Amino acid sequence: MMGFAQRRRRNLLGLLVVFAGLLAVDRVYQASLHRAEFLSGWTLFLLILLLGAHNLRKRLSMLPLGSAAEWLQWHIYIGFTVILVFLLHVGWHIPSGLLDTALALVFAIVAGSGVLGLVLSRRLPPRLTRRGEDVIFERIPGFVVQLRQRAEVLVAEAATETGSTTLAEHYRDHLADFFAGPRHIGAHLFGSGRPSFMLLHRLDALARYTNEDEREFHLRLRALVEQKDELDFHHALQAALKAWLFVHVPAVSALLVLASVHMLLAHAFTGAA
Amino acid sequence: MEKLQKFDYHSSPYHRPNQDWVCGWADSGQCCQLGPDVRGRCRVAAQCQPLLEGDRWQCARSDLHGGCCPKGPSPAGQCGYSLPPCRPRRSWRSRRRILTRWFASLAVGLVLLVVVSDSVPVLFEPGARSAAHAEIDDCRACHLTADFGPASWLRAALGQLPGRSDTERCLDCHRVGEAPRLAHSVDPSRLAPLTDAQLGHASRPPWNLSLARASFPGTDQDLACGVCHQEHRGAKANLEEVTNGRCQICHVAPFASLAEGHPEFSAYPAPRRTRIQFDHVSHFSKHFAEDAQLSPPATCSACHAPDNAGRLMLVKPFETVCASCHESDIAGAGRAGARGLAVIEVPGLDVETLEARGFGAGVWPRHADAAPGPFLRRLLQADPAAVAALAELGRTRLWDLRTAEPGQLAAAQTLALCIKALLQDLALRGGLALVERLEAQGAEALDSARRGSLVAMLPAAALSEAAAQWFPGLDDELAAWRAGQPLPAPAEASSRPPGPPAPAEPDLFDGDDGLLGGGLFDGDLDAAAPASSAPAAAGKPRGHSIEERMRFGGWYVEDLALRYRPAGHRDNFVRAWIEAESGTELFDHLTQADSPGRCGYCHSVDESAAGVSVNWYPRMPKPKLHPFAVFSHTAHFSMLGDPGCKTCHQLNPAAPYAQGFEDRNPATYASNYFDIDREVCADCHTPELAGNDCTLCHRYHIGEFEPTVPSTRLVDFTR
């Protein structure tokens, strides 16, 4: 059984071979009296259609066309190939026409979001497994509500049983907003623990003003804050794993439309040469 | 820490993330069991939907919501715990799908908006046009497709539109020869020999070119402009930029670079002899070295200067570089013979034999001894009788007819009278007679400028006076000849030997010495005047000889000839006659190296299928000419260093330069300089230094192209 690293090396090597082959074909075609842009353009379009077939494959899961994981691998490597073909197609220059510029921009968005998605899908899952509890993304808002309710019950109980409103006031002033919903998304994405550290630090500092009865409530509240922070962490990372597709997939639709118009124009205005 | 996520069936709600709509209570952790319908409507009004078992309704509330309730359903089967309806929300998947549709719709909408608007050219133009085409704001100027509009784009893409192609529209403004769609814009038959010459050339082309040639062989037919010239690449784009591979795709012997595989230069930079015969070796080693008083040039730039484009090194004007030594040659200094051209010279005639054998030709100067000159023979060409006589006489010497046949004697008589008729004609009608005789033989009428140059203010008065001196009784003789009557005896016509006009003849120019051109006559001829006038002449101060007096050029009569002395370099008369008489005996006479004016001493004569012509000018820039190879001298000046011109131009002292001018073939030639080797250029012209692209030195479209001139109608100016 081939390991991940070994498979990646093999695939990268294959990708390099494909790159070299494409560059060679482009150079050969450039040396001929044919328009290399048409070769690279059609190649680009067909490869984009092939990449789009990945989404179609997921909908036709009943067909024996290989596993989704295999399709994803092909999607990734063909995606990199498409970037090279695109660069060959535009001659390593930024297009200057409005339509072509828009097309190039949309392509850049698709390609960029794809690369970003690849990076996120490689970097975030290990981080998710390392910290906190495995939770389903769709259920996180419900869990947030659960934790908020627990915290509110806890501080109310503390005030009742100890007669001190220290924890309740602290919750009102500093933690109510934190428990209101997912927070610190950016910080969690970039691996920063500063916001949650500040919350806990402030909560810990409160300990000196609590009596012994309050201290137990204080510890339980602290545990809830930590749990909520881990929930936020999972929410942020899982949201990122889904959000990039909100750029990638819609941009592909615009890309296909603009590319079709571009191809029609290219052929129409050179067909009567 | 208590776990939040539970995966068992009883404690884990199902959120249906793959459906378009999810329960609105999901975010509170209390999503219903059923979920919204496909249109996003909440379907749940109570915590459970009781099940009918037998005749009893059973509570079906899930464990997730507390399990079976103690109260149970009503007898009608309704749950007693109502739930407020939720506002279902779209799942992430559905939101993404909607966003995708929006993006696609937006793109389609924008495209349609552009298509139906007038902004198609602006928004769909694939890129800015080059600066040369920036002013063209109508797509139809270049594109056939633009004639039809967006509805026909698909047909256009399939090449099914009728009309003038894009290439034809390019050629409306760009003239690139008669065969613009053929390789190099020339007929393939012209390229065939060049192809054959390269067939054996061993070369190692780059790998991509080898593969391209094997996969996509080039063609020399029907090449559209757009194959090489690709527009819409920005204002600063170079439309003439072509890859080296594309240049060589059709060539039988492609190569890697100038340094590797490029054919050796052939007779470069001089594919033909110089138009002006100037022997650099003899001038450098002999003339300049031996006569320092002439202040010879010290540098190449004393005689050569670049043209406006910086390409050719031109020869500076004659007055700058040649006149100091050669102007006196043109004027005839040091010349042994006559310094003027004998335009009309009375030929020698064996009068005694003619008269003795009954073929008298009237009065004839007895000391005339010249053969009929080329000018005279040319002017007689307009007279059929003279032409026949000359043909009959052949090589017979007119001044010795003792052994001539009667037919030749008759021809000699006719020729003599034709000469007299010519003189009379010229005397009476002057330049008009001369022009008419030329035009009688020429295929086309001469324009006024050429007429003026050919006549060069022919002094008819002087000619009339000379004719009267040479042939007293000319009019009577010709009248009798034309009437078919016997010529008057010489004694009757004139008992005098040839001399000044007889007193009885009307003196048309009496009292007008200037018009007569009194100075035109040589003192020797004056001396031959009758004795009666000798006393008056004796007291007359003698001046310079007539040739000396005419040193600045012009007509004069000397002895029995009317001569023209060239007025210096670029004499219009001599040049006009040379050009008018291309390829004739007179042309040969005038272009001899020692002919008066000495045009042929420096100006070479080229003979080709098109005819014979004199190279009046050294190599000059030809704006219409698009040569295959181009070179800019000025671009190289700054990098020559101390060797200067010698970097490329090495003198070849052993070259038989002068031999190249012994015939009229410009290709038989030995330059004063060694041919330039390819390596000289290849030293610097590498990709890293000066570049070695094909188009750096070569042009694709070759030939002479007329520039396109607007066909503006004059009436449009007044509208």
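Mentor: Helix first: helices are DSSP runs of H or I, at least four residues, and are numbered from the N terminus. The model is predicted, so local features need pLDDT of at least 70 and side-chain atom pairs pLDDT 80 or more, while totals for chains, interfaces and linings use all residues. Residues are numbered from 1 along each chain, chains are lettered from A and ligands numbered from 1 as written, and side-chain values use heavy atoms, without hydrogens or water.

Trainee: Which residues form the negative patch?

Mentor: A:Glu161, A:Glu212, A:Asp213 and A:Glu216. Patch residues have over 30% relative accessible area (Shrake-Rupley, 1.4 Å probe) and no salt bridge, with like charges joined within 9 Å.

Trainee: Which helix gives the most to it?

Mentor: Helix α9 of chain A, residues 212-243, with three residues. A:Glu216 sits in that helix.

Trainee: And which residues make the positive one?

Mentor: A:Lys58, A:Arg59, B:Arg93 and B:Arg101. α2 (36-59) of chain A and α1 (92-116) of chain B each supply at least two residues. B:Arg93 is in α1 of chain B.

Trainee: Switching to the interface. How much do chain B and chain A bury?

Mentor: About 5200 Å², 66% of it on carbon and sulfur atoms. That is accessible area (1.4 Å probe) lost on being put together, summed over both parts. B:Leu4, B:Trp92 and B:Arg96 supply 16% of what chain B buries there, more than any other three residues.

Trainee: How many residues does the contact take from each chain?

Mentor: 66 from chain B and 57 from chain A, with contact meaning heavy atoms within 4.5 Å.

Trainee: How many salt bridges between them?

Mentor: One. A:Glu37 pairs with B:Arg233 at 2.5 Å, N to O. The cut-off is a Lys or Arg side-chain nitrogen within 4 Å of an Asp or Glu carboxyl oxygen.

How values were computed
Patch = residues over 30% accessible without salt bridge, like charges linked within 9 Å, V, L, I, M, F, W, Y side chains within 5 Å. Lys, Arg positive; Asp, Glu negative; His and termini not counted. Charge placed at Lys NZ, Arg CZ, Asp CG, Glu CD. Buried area = accessible area lost by both parts, 1.4 Å probe.
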